[in-house]
Amino acid sequence: MSVLEGKELRIVGFLCNWCSYGGADTAGVARATQPTDLRIIRVPCSGRVDPLFVVRALLNGADGVLVSGCHPRDCHYSSGNFYARRRLEILKQFLPVLGIDDRRFEYTWVSAAEGQRWQHVVTTFTERLHNLGPAPQLEDAAPLLKVADMVLTALRPLGTGQNTALDELKAAIVKKLPELECVIGWQQGRDAAHHVPLFIRTPDDVNKLTWGPFNVNNPAVYLPTFKGKKVGIVVKGCDARSVVELLQEHLINREDVTIFSLPCEGTLDMARVDQTLGRYTNLDKVEYDEAGVTITADGTAHRFCMADFAQGKCYGCSTPSAVLADERFGTPVQVTPGEITPPELALLDAMSLEERLSFWHGQMERCLRCYACRNACPLCVCRDYCVSDSRDPHWMTQEDTPREKLFFQAIHALHLAGRCTGCGECQRACPVGIPILALRQQIARAVGQLFHGYAAGMNPEEVPPLLGYEVVEENIQERDWK
Amino acid sequence: MRIGVFICHCGSNIAGTVDCAKVAAIARSWPDVVYAVDPMYTCAEPGQAAIEAAIHEHKLDGVVVASCSPRMHEPTFRRTVERAGLNRYMFEMANIREHVSWIGKDMEANTNKAAELVRLAVEKLRHDVPLTAKQFDVTKRVLVIGGGVAGIQAALDCAEGGVPVVLVEREATIGGKMAKLDKTFPTVDCSACILGPKMVDVAQHPNITLYACAEVEEVSGYVGNFTVKIRKRATYVDWNKCTGCGACTEKCPSKKTPDAFNEATGTTTAITIAFPQAIPKKAVINPQYCRQLTKGKCGVCAKICPTGAIMYDMQDEIVTEEVGSIVAATGYDLMDWTVYKEYGGGTYPDVITSLQYERLMSASGPTGGHIVRPSDGREPKNIVFVQCVGSRDKSVGRPYCSGFCCMYTAKQAILTKDHIPDSQSYVFYMDIRAPGKMYDEFTRRAMEEYGTEYIRGRVSHIYPDGNGRLTVMGVDTLLGRQVEIKADLVVLAVGIEASRGAPQLAEKLRISYDNHGFFMESHVKLKPVETNTAGVFLAGVCQGAKDIPASVAQGSAAAAKVLGLFAKDKLESDPQIAQVDIQRCVACGKCLRCCPFGAIKGTEFRGEPKVQVIETVCQGCGLCTSTCPQGAIQLQHSTDNQILAEVNALCQC
Amino acid sequence: MNVAYYPGCSAKGSSKDYEISTQAVCRALNITLEEIPGWNCCGSTPAHAVDTELSAALCARNLDIAASQGAKLLLTPCPSCLSNLRAASQRMEKPEFRQRVNELLDTPAAETFPEVLSVMQGIAMQLDKENLALRVKKTLKGLRLAAYYGCLMSRPADRMRFEDPENPQLMEDLLTACGAEMVDFPLKTACCGAAFGIPERAMTARNSGRILELAARLDVDAVITACPLCQMNLDLRQTQAGRALNTRFHMPVVYFTQMLGLALGLPRKQLGLNKLAVSADKLLGKLDDPRLADAEGGQQS
């Protein structure tokens with residue numbers, strides 16, 4: 001099917017059955033003339049509108065999407081629209097980072113009696129879209145691959161953490177080990193410059209435990225698989241937030257987990273480290289100093305200063321010490337309070353909408369659809385039942401197109417809305433180095449701004465913002481339709 | 001799948017601006033559509049018969065009708081397809097009248113749009129599956145919350161219909177606001193005399209269990225099977241022993257207790273029986289004023305009570321009741337009029353509320369029915385009534401009309417003249433709203449026979465003139481001049497608001513309430529008694545301002561709804577509810593956290609934690625479906641796949 | 001505290017007593033008033049009703065001069081001036097309005113203006129009740145007074161910021177701290193009719209009469225005002241008002257600054273009490289009578 005060429009735009013409306021669909025009926029009964037572009041999908045409640053329906057429509061070529069429900073407090077189901085309001089507002093603030101103009105998506109409230117208001121909403125929204133013109137499509141945007149370097153400034157001095165209390169930690173683990181199934185930490189991998197997860201089961205294993213900027217993996221990802229068993233986990237500050245988030249979602253039990261923490265001084269962005277090292281046959285040595293590491297491979301020394309080679313997330317990290325721990329060691333790292341935009345997000349912020357669309361087109365053409373991002377994510381709790389490889393529900397096709405791949409990123413980002421702690425494992429795991437963390441960071445930024453500075457993974461008792469609501473939202477204002 | 005499509009002309013309503021035949025022709029080209037026609041009137045008897053015939057003839061297993069709004073005829077056509085042997089959920093509708101033909105005249109655009117909407121419906125139908133309603137048992141008992149006249153009526157009607165009733169009243173006696181009134185309009189008959197017998201009926205009816213001094217603490221369950229926890233507040237008197245003799249109230253030394261029943265126009269004792277006709281006629285101790293309870297010494301009532309009913313150590317008690325239906329009849333309270341500083345904000349004793357004035361006029365009131373000024377006990381001669389104090393006033397957040405103030409003000413003016421023949425009453429009003437039977441005649445009587453001076457305008461200022469009287473300054477908008485009246489007594493017709501605690505109760509009952517705390521009916525016009533929670537009904541002012549006859553009528557209406565519900569032994573649940581794919585569920589609990597109805601609960605499946613939907617509680621909003629990241633909980637008939645099919649039908653560049 | 005001072009036109013003519021008592025009291029309380037050089041009318045003429053931009057331009061010029069002198073706070077004794085200056089400041093926050101006003105001015109007005117308060121609010125800001133009570137040299141004990149704010153001082157509420165617009169309490173707080181007994185005066189914010197003193201004399205007489213009558217009934221020694229127009233109207237037109245109500249009034253109508261001045265022990269000459277039409281001699285006599293000053297407040301001779 002197609003719209004009337006040149007005359008109409010493709011506009012999809014999701015209307016709740018009780019209020020807005022009735023309002024549209026009322027407008028019809030009153031013979032209130034409206035533009036013909038809009039096609040209405042009837043849903044029981046605005047709360048039924050998964051923001052991903054909107055993304056699906058927009059990526060599939062819709063020029064605009066309108067969601068309308070009952071006025072706050074008038075919801076047929078008491079509170080469906082309150083949840084919708086939060087989720088759709090987050091969506092509205094998310095779309096621009098994908099390169100989609102947020103004016104192409106709107107949500108509002110129209111009661112069954114407000115035929116006139118409905119007419120006004122439809123007319124205004126359609127007019128707005130005609131002024132914007134047909135939506136630019138991802139596939140039409142020229143792929144943009146070369147981008148500016150990220151700007152890196154840290155909230156605190158980054159270091160290598162070699163003076164920390166690793167021996168005390170080891171002693172504590174040995175002491176606790178008899179009660180635990182295992183303790184998750186890090187050990188040397190293929191060489192001294194690459195660390196991998198370690199599962200300590202015997203006191204001897206403890207000697208393998210390493211600490212330093214190569215401890216990039218987030219061990220929290222393994223915790224849900226141990227649910228019901230007593231385990232220990234060694235965490236960096238960022239890892240602890242993932243643990244807190246898992247606790248908040250009851251995916252692990254607090255009494256089963258013993259958290260050991262050391263203050264983190266930063267971790268290396270291994271993608272850039274490996275790129276600099278290039279191919280080598282022998283790793284001669286790794287030397288740590290306070291500000292960085294020197295890796296000598298095949299006789300050539302490469303110096304990696306932490307201030308230049310840390311992971312993007314480390315620069316703005318405000319929780320180098322674990323927010324929750326049973327046993328803490330080492331001296332806590334001081335953080336100058338402040339906020340900096342994460343470098344990945346700053347990169348996107350600096351682009352125009354068109355550039356972002358081009359950027360994602362280029363990046364998604366590189367995407368292998370390997371789902372490493374998903375598998376590394378500690379909060380991808382669906383595990384074997386991810387909607388990306390299911391037929392019921394059938395959110396995605398298996399086509400290898402930038403559109404489907406970007407849609408998967410949208411699914412992941414929106415499923416993590418209000419939950420993502422920004423640990424960056426998705427991006428670190430990406431074998432082709434796509435800065436996908438930016439999508440999650442944009443949502444986290446919007447969540448913080450809308451919900452009184454909420455940050456995920458800080459307090460296991462908190463209700464995550466998208467699973468709650470306030471009758472009057474201080475920071476979400478009804479947009480007027482005048 | 002074999003789908004039949006019917007594009008209705010609706011006479012010229014649709015065919016006037018949509019080429020229906022063309023839409024049908026387009027429809028025939030889509031997958032699974034085996035039959036498409038464009039009848040003149042699909043909803044008419046021959047139209048429905050044609051659908052049935054086509055189902056048989058073309059072996060259709062799904063039908064799409066494109067006509068008016070599904071809010072109008074979806075139930076009609078569902079019955080039609082069911083008659084022809086299809087499952088009623090194998091049917092979809094496209095709204096090509098309200099959403100197409102009536103809102104634009106461009107034939108080409110309309111035809112194209114209509115075809116797309118039909119395509120939408122076909123795509124959804126292709127993902128439809130037959131759904132069957134489940135049956136469940138009904139507890140044939142009803143809970144009535146609030147023992148005002150609306151609640152009393154609902155309780156009596158239900159009890160008469162053979163249904164056991166649990167009546168919960170917050171105050172110590174039933175009767176509500178009506179029991180406080182002296183007379184009622186437009187007949188000026190004694191309020192207590194007409195309400196009293198009904199109250200006695202409540203006390204004596206074998207089918208009614210009354211809990212006074214009690215409040216609903218917690219409600220769980222669903223239509224047919226609610227479990228209600230009721231908090232019986234400590235009255236410090238064992239009601240099983242109390243005979244209501246009143247000896248305690250005579251001897252109680254704490255005589256300065258504010259008299260709530262008399263709207264604080266007088267004082268009473270710390271142990272008290274609200275009024276002579278109280279039901280239940282039992283004594284209650286006000287713990288804030290009782291000397292034994294506050295200071296630990298007194299004990300006079302315990303000594304005097306002939307049956308030994310006094311229990312100073314009594315505690316609140318929680319009782320649990322199982323009911324199948326709930327009637328909310330919580331009534332109203334007066335708004336806090338002291339925000340009107342220009343009327344003294346409550347500092348002038350001779351500026352009183354209309355309800356206080358009722359108590360002054362009532363023979364059972366603190367003055368024995370003599371109208372006197374609270375300040376000095378003298379009889380007032382000039383009485384000014386001010387209407388709309390806290391009604392229709394956006395500046396104090398009360399934009400609505402309180403409905404019955406015009407009428408009782410007229411009544412009070414008439415009664416004033418009867419009580420004090422040489423008095424003069426003035427009424428400041430905005431508009432006279434007297435639309436009931438014999439109502440307008442009544443207000444005219446107040447003006448014409450009783451010489452009440454009606455002044456159309458607002459009062460700007462009331463202040464003591466220093467000589468013991470009040471100066472009332474206002475405007476007469478009909479004459480366009482300012483008015484100044486020397487008054488002995490000013491009676492404010494204070495606007496109503498939802499009863500204290502109404503929003504909290506609404507949340508317990510899971511029903512909606514408006515900005516002012518009034519409960520929301522299911523449909524403003526066509527379902528004024530029902531709520532959006534099945535099995536919960538409304539009676540009286542808790543739903544919106546109304547007078548006694550309307551409250552009584554709604555009380556009976558709610559009772560009729562309850563009796564209708566209980567006429568069936570089994571109830572059917574709507575199958576359009578959420579369903580959990582037990583394999584996919586990881587028990588993260590997100591759905592459980594946001595379900596507005598508490599319809600999801602934890603369970604276990606092969607040792608793994610999972611969730612399940614309580615089918616009778618789920619109302620089918622689908623919030624859980626859009627919350628579940630793995631799509632493990634799907635709202636039947638609005639599944640992700642169905643909505644995605646619709647999205648993809650519209651957008652597939 | 002150094003503040004800009006906008007006296008308003010009455011101060012230089014009909015309410016000279018308000019002006020000099022304001023100056024004297026502020027001096028005594030260490031509030032240094034710096035009169036805006038070359039100030040002009042605030043626009044409380046028909047200008048504000050006819051043309052809000054022109055009216056705002058008049059105010060903006062004054063505010064601009066004050067701002068250019070580095071003032072952060074501006075005080076004015078007159079409620080009418082206060083209303084106009086505050087209204088102009090508020091309206092100028094809108095860029096379009098500011099632009100249109102700037103077109104009327106020779107040079108665009110400063111971006112930020114000093115905050116405008118009434119002298120009464122300024123005094124209350126400088127020192128609270130307790131501190132004021134400590135400064136009292138001559139208690140007003142024994143005097144029974146009615147605070148009369150007039151219709152403008154507290155309205156509109158959001159602009160004038162006198163808390164409850166129907167029942168302001170600031171003047172009562174100040175004078176109670178000085179020892180006076182303040183009666184609950186229900187007509188404290190009623191209109192005295194001054195604005196219609198010429199075209200509608202009967203109405204003015206009725207309105208003023210109502211206020212004076214209530215004050216007389218409440219047996220007060222004086223009505224205390226804060227508005228040049230109210231004071232002039234209630235003070236000068238007592239005969240007309242009395243005639244309208246078939247009575248005779250002899251009610252001193254005194255500025256609150258004059259009363260504060262008395263309490264602070266300032267020389268009476270500095271307070272302009274000789275300018276009152278209805279003599280305050282009886283009231284002053286009461287203040288001087290040691291027996292009354294010692295008696296429990298509120299008793300009448």
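Two strands pair if DSSP finds at least two bridges between them. Keep that in mind, and let's start with a spot in chain A where it matters. By the way, what you're looking at is a predicted model.

In chain A, find strand S5, residues 182-188, and strand S6, residues 195-200.

A handy landmark is Cys182(A), which sits opposite Val231(A) in S7(A). So what holds paired strands together in general? Strands of a sheet pair through backbone hydrogen bonds, and the pairing can be either parallel or antiparallel.

Zoom out for a moment to chain A as a whole. It has 15 helices and 12 strands. Of its 482 residues, 55% count as buried. If you take the contacts in chain A with a separation of 6 or more, residues 24 or more positions apart account for 77% of them.

Now move across to chain B. How many residues of chain B are in contact with chain A? There are 57 of them, and they touch 60 residues of chain A. On the chain B side, the elements that give two or more residues are helices H5 (97-101), H6 (107-126), H17 (590-594), H18 (623-627) and H19 (640-650). Sorted by class, that side of chain B has 21 nonpolar, 21 polar and 15 charged residues.

In general, two packed helices are described by the angle between their axes and the distance between the axes. For helix H7 (residues 149-160) and helix H16 (residues 548-566) of chain B, the angle is about 35° and the axes are 8 Å apart. The crossing of H7(B) past H16(B) is right-handed. If you'd like to find the meeting point, the H7(B) residues include Val149(B), Ala150(B) and Gly151(B), while those from H16(B) include Ile548(B), Gly555(B) and Leu563(B). The residues of this contact divide into 10 nonpolar, 6 polar and 1 charged.

Chain C meets chain B through 9 of its own residues, in contact with 8 residues of chain B. The chain C side of that meeting has 5 nonpolar, 1 polar and 3 charged residues. As for its secondary structure, chain C comes to 15 helices and 8 strands. It has 301 residues, and 52% of them count as buried. Among contacts in chain C between residues at least 6 apart in sequence, 81% join residues at least 24 apart.

Helix H3 (residues 52-68) and helix H5 (residues 95-104) of chain C pack at about 70°, and their axes are 9 Å apart. Angles from 65 to 115 degrees count as roughly perpendicular, so that is the word for H3(C) and H5(C). Where they meet, H3(C) supplies Glu53(C), Leu54(C), Ala56(C), Ala57(C) and Ala60(C), and H5(C) supplies Arg100(C), Val101(C) and Leu104(C). That contact has 6 nonpolar residues, no polar ones and 2 charged.

Which strands form it, and in what order? The sheet is open, made of 4 strands in the order S6-S5-S7-S8, with parallel pairing. Strands S6 (181-182) and S8 (253-255) of chain C stand at the edges with a single partner strand each, so one side of each is left without a neighbour in the sheet. Strand S7 of chain C (residues 222-225) runs parallel to S8(C), joined by 3 bridges. One bridge to spot is between Ile224(C) and its partner Val254(C) in S8(C). Lying across S7 and S8 of chain C is helix H13 (residues 256-263), which runs at about 70° to S8(C).

Last stop: Asn167(C), in the loop between helix H8 (157-160) and helix H9 (170-177) of chain C. Is this residue buried or exposed? Asn167(C) has 20 C-beta neighbours inside 10 Å, so it counts as buried. In sequence Asn167(C) is 21 residues from Lys188(C), while in space the two are 7.5 Å apart, C-alpha to C-alpha.

How values were computed: Residues are numbered from 1 along each chain as its sequence is written. Chains are lettered from A and ligands numbered from 1 in the order in which they are written. This is a predicted model: local features need pLDDT of at least 70, side-chain atom pairs count only at pLDDT 80 or more; totals for chains, interfaces and linings use all residues. Two residues are in contact if their C-beta atoms, placed from the backbone, lie within 7 Å. Ala, Val, Leu, Ile, Met, Phe, Trp, Tyr, Cys and Pro count as nonpolar, Asp, Glu, Lys and Arg as charged, and the others, Gly among them, as polar. Axes are lines fitted to C-alpha atoms, for helices over the stretch in contact, and angles run from 0 to 180 degrees between N-to-C directions. Angles under 35 degrees count as roughly parallel, over 145 as roughly antiparallel, 65 to 115 as roughly perpendicular and the rest as oblique. A residue is buried if 20 or more other C-beta atoms lie within 10 Å of its own, exposed if 12 or fewer, and partly exposed in between; C-beta atoms are placed from the backbone. A crossing is left-handed if the near helix is turned anticlockwise from the far one by less than a right angle, and right-handed if clockwise.
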